[in-house]
Amino acid sequence: MSAHTHADGHLPHEPEKATLEGRNKVLGFWLFLGGETVLFGTLFSAFLALRDKVGEGNPTANELFNLSTVAIATFILLTSSLTSVFAIQAMHAGKKAAMLWWLAITVLFGLGFLGLEIYEFYEYVHEGHGFTTSAFSSSFYTLVGFHGGHVAFGVIWISLLIGQVLKKGLNVVTAPKIYVAGMYWHFIDVVWVFIFTVVYLMGKVG
Amino acid sequence: MAHAHAHTVKRRTGLMDWLTTVDHKKIGILYLLAGGLFFLVGGLEAIMIRIQLWKPLNDFVSADTYNELLTMHGTTMIFLAAMPMLFALMNAVIPLQIGARDVAFPFLNSLGFWTFFFGGVLLNVSWFTGGAPDAGWTSYVPLASPAYNTDYGVDYYVIGLQIAGIGTLIGGINFLVTIINMRAPGMTFMRMPMFTWAIFVTSALILFAFPALTVGLVALMFDRLFEANFFNVANGGNTVLWEHIFWIFGHPEVYILILPAFGVISEVISTFSRKRLFGYSSMVFATVLIGFLGFMVWAHHMFTAGLGPVANALFSIATMLIAVPTGIKIFNWLFTMWGGSIKFTSANLFAVGFVPTFVMGGVTGVMLAAAPADFQYHDSYFVVAHFHYVIVGGLILGIFSGLHYWWPKMFGKMLNEFLGKLTFWTFFIGFHMTFLIQHFLGLMGMPRRIYTYLDGLGFNEMNLISTIGAFLMGLGTIFFIINIIVTAVSGQKASNDPWEDGRTLEWTIPSPAPEYNFKQTPLVRGYDAFWKEKMDGNKEMTPAEPIGPIHMPSPSILPLFMAIGLFIAGLGFMYHKYYIGGAGLAILFLCMLIRSLKDDHGFHIEPEELQDKGVKA
C-alpha cells in the first residue's frame, strides 16, 4: 500500500497503523522502549547501590530534597501525559487543530518541568551537592539527568513534529511519528514515577 | 495510482552506491568486509600474543604492549569481528529466508553499520595516539579507573564501544521488527527456518543486554572524563558494581554470539543430510530457553568476588541448567545426520567439526560452573581455553560454515571446494592444537593475561605447541582469503539452488538475489517451504500476489554522516575539546532533523523492468 493513498482523503481510524511502514515504526518503538527500560533499570540499580554513600560533611538525601518542588514537577509531568493522550485521541478523531493544541500544551508542561528541574539542580549545587561530591551525587545526577535529557529531547522532538504537521498536514506518514512521540512521552512519565518513588520518597524516609 | 510512482531516484554507482546503500544485501557485504578486516587485525594481535609466549622470558613485546594486545584482541574479536560477521549473515539471509523484500528499517540498517564501523575505527585509532586500551576486554575497575589508568587508552574503549554499541542495538531492533512484521504469507512462527529463529532470539538478547553496557560505559566515562564517583572507592564508589553491570551485559553477549552459530549449523546440517531438522520444535524451545537463562547466570563470572555461598550456589545451578537445552541441540544435530545422505562439502565440514568442538567447550563450561572448583580454574589458562573453545570452536566455525554455505547467494559464485576443505583442516587442526593444550597449562597453574613466564615451570613445550597451532589457524585464514580471490576471479557461477538440496526460501531466487529479492512474494505452505514444494513436484514457489510495481527505499548518505558526527564528537569529548564534541553532535542532530523533515518517497520498480531483466520468481 503506497504511503500516499490517504494523503489527501479521509484518514483511516488509526492512521499510525495504516501502512506497513507505520506498523513497523510503532512496533520498533515499543521494542526500543523495552531497551530503554533496561537502560533506566540499570541506572536505578546503580543509584540504589550507591545512594547511601554520601560522604562525610555532605548533605544527605533527607536534608537535600524539597518534596514540594518535586511534587509540583511531578504534577506537571503527569498532567502532560494526559494532554498527550488528548492529542492522540484528537488525531484518531481526525481533528488536526485540536491535536496540535494538545501537543503544544504538552510541550509547555514539559518545559515547565525542565525549568523546575534546572532550578532544583541549581539549588542542590549551592548546598554542596555537586556532580563530583560523592557516589550518591554522581549516581543521582546521572539517573535524574538522563531522565531530564529525555524530557528535553522529547520537548524538541514534539515541537518539530508540530511544525511538520503544520507544513505537511496530518497523513499516514506524519501520524506514526506523532503516535510514537506520544509513546515516548508516556514512557518518560512512567520513569519519573519510579524516580519520584525511589529517589525522592525513599530519600526522605529511608 | 500511476501518479504515486512519479518519484524518480537517481541510481548511484560505484563508491557512492556503497556509501549510500540501504539494501540489506549490500549492507551484509559491508558488514562482512569491515568485520573481516577487524578479524584480521584481531588475528594479528593474537599471533603477536602467541609469539611473545612461545618461549619463557621472551621480549618480543614489552609488558605494556602485551596488555594492549590482549585487551584489543578480545575487544576487537568480540565487538568488531564476530558480531559484525554475524550481522553480515543476518543481513544477507534473514529477509530472504522469511520471504521479505527488505528489512523493516532500511535506513536504520545502514546507520547501524556505519556507527559500528566508526566506533571500531575510533577504538583502533588509539594505537596511533599514544596507547591502546590495556585494562582487558572486561575493563575492570579500579584497573580501568582514572587513578590507575592515566592515559587515553580506556577512554577510547568506553567511547568507541559506546558508538559501536548503538549500531548493534539498532540492528537488534531492526531484525526483531523485520521477523515479526514482514514474513511472507503462510510463514508462521513455527514454520520459520532455524537460523531465523536463532536471529530472532539473538536480537531480543541484544535489545535487553546492550542498554546495560551503555549505562556501564557511561558511568565509567563519567568517572574518567568528569570525575564522577561510580567506581571511585575513596568517594563511596563500588568496584563490584562495574562487574555486575558488565556481566549482566556480558553473559547474554556470549549467547548473542553463539545462538546465530547454532542457527547456521542447524541449516547446514539439515541441508547436507538431505533431512528435515530433527526435533524442530524442541530446537526452537531450546533456543528460547537458552536466551532466557542467559540473563540469569551473569554472576558465574564473579564466583571469586566474594558474593557469598548462597549467590554462588544459585548462579552455579542456573549455569549448569543451560547445559540441558544445549544438550537437546547437540542430540538433535546428531539425529538429523543419523540416516541422512550426508555430503561433506566445506560448509558441512565446518558444521560437523563444530559439534564435538562445542561439546568440549560446553563440558569445561559445566566444570567452571561448579563454584568451588572455579576458585582453582579462575584467571588461569583453563578459562582461556574454555572460552576459545566456545567462541572460536563454536562461533567462528559456525561463521565459516555459514559463509561457505551462503557465499553463492551473497556473491553469485561458488567458493572453491578444495580450498574450502584446506581452510577447514588447517584451521580446525590449528585450533585444537592452540587451545586443547591450554586447558592443561591452566590446570598446571599458568595464569592468564601474563606477558611472560619463568623457565623450568613445565610450561615451555605446551606454549610452543600452542603458538604453532596459532600459526596454523592463521594459515587457514589465509587459505580462505586465497579462496575468496580465486573465486572472485574465476569462480563458477551459482544457480538459484546451487547445493541442489536447498530447503528454504533463499534458494528459490537467483544468486545473487536481485535488489527486490522476490519478484512475487511466495506463499509458504509448511516448514522447509522450498523443500515441501520440491517434494510435491513443483519447481518453484506458488506466488502469493500478482506481478506488480515493487516499492524500494531511496539510498541515503545521512547514515554515514551521522556516524562521522558521532566519531568527531567522541574524539572531541575525550580530549576535552568541547567545541569539537559539540560540532560532532551538531552534525548528528542536523542529519536526524533532515531525515525527519524530508519524506522518503522511495521509488518503484515497474513490472516491465522486471520482465526486461528476465528473472523468474
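**Briefing: predicted complex of chains A and B**

From the N terminus on, the elements of chain A run α-α-α-α-α-α. Its secondary structure amounts to six helices and zero strands, where helices (H or I, at least four residues) and strands (E, at least two) are DSSP runs numbered from the N terminus. This is a predicted model, in which local features need pLDDT of at least 70, side-chain atom pairs count only at pLDDT 80 or more, and totals for chains, interfaces and linings use all residues. Residues are numbered from 1 along each chain as its sequence is written, while chains are lettered from A and ligands numbered from 1 in the order in which they are written.

**Confidence**
- The predictor assigns the complex an ipTM of 0.93 and a pTM of 0.94.
- For chain B, the mean pLDDT (the predictor's confidence in each residue, from 0 to 100) is 94, and 97% of its residues reach 70 or more.
- Residues 1-7 of chain B have a pLDDT below 50; beyond near neighbours in sequence, this stretch has seven contacts in the model.

**Interface between the chains**
- In the complex, 32 residues of chain A are in contact with 32 residues of chain B; contact requires that the C-beta atoms of two residues, placed from the backbone, lie within 7 Å.
- On the side of chain A that touches chain B, the elements giving two or more residues are helix H1 (20-50) and helix H5 (135-168) of chain A.
- H1(A) provides the largest share of that side, 17 residues.
- By class, this side of chain A comprises 15 nonpolar, 14 polar and three charged residues; Ala, Val, Leu, Ile, Met, Phe, Trp, Tyr, Cys and Pro count as nonpolar, Asp, Glu, Lys and Arg as charged, and the others, Gly among them, as polar.

**Chain A: dimensions and helix H5**
- Taken along the principal axes, the box filled by the C-alpha atoms of chain A is roughly 65 × 30 × 25 Å.
- H5(A) has 34 residues and spans 48 Å from its first C-alpha to its last, close to the 50 Å expected at 1.5 Å a residue; the expected span is 1.5 Å times one less than the number of residues.
- Gly169(A), with a positive phi near 85°, follows H5(A).

**Chain B: packing of H4 and H5**
- Helix H4 (residues 106-125) and helix H5 (residues 153-181) of chain B pack at an angle of about 160°, with their axes 8 Å apart; axes are lines fitted to C-alpha atoms, for helices over the stretch in contact, and angles run from 0 to 180 degrees between N-to-C directions.
- H4(B) is therefore roughly antiparallel to H5(B), a term for angles over 145 degrees.
- The contact of H4(B) with H5(B) involves 16 nonpolar, 10 polar and no charged residues.

How values were computed:
Parallel < 35°, antiparallel > 145°, perpendicular 65-115°, else oblique.
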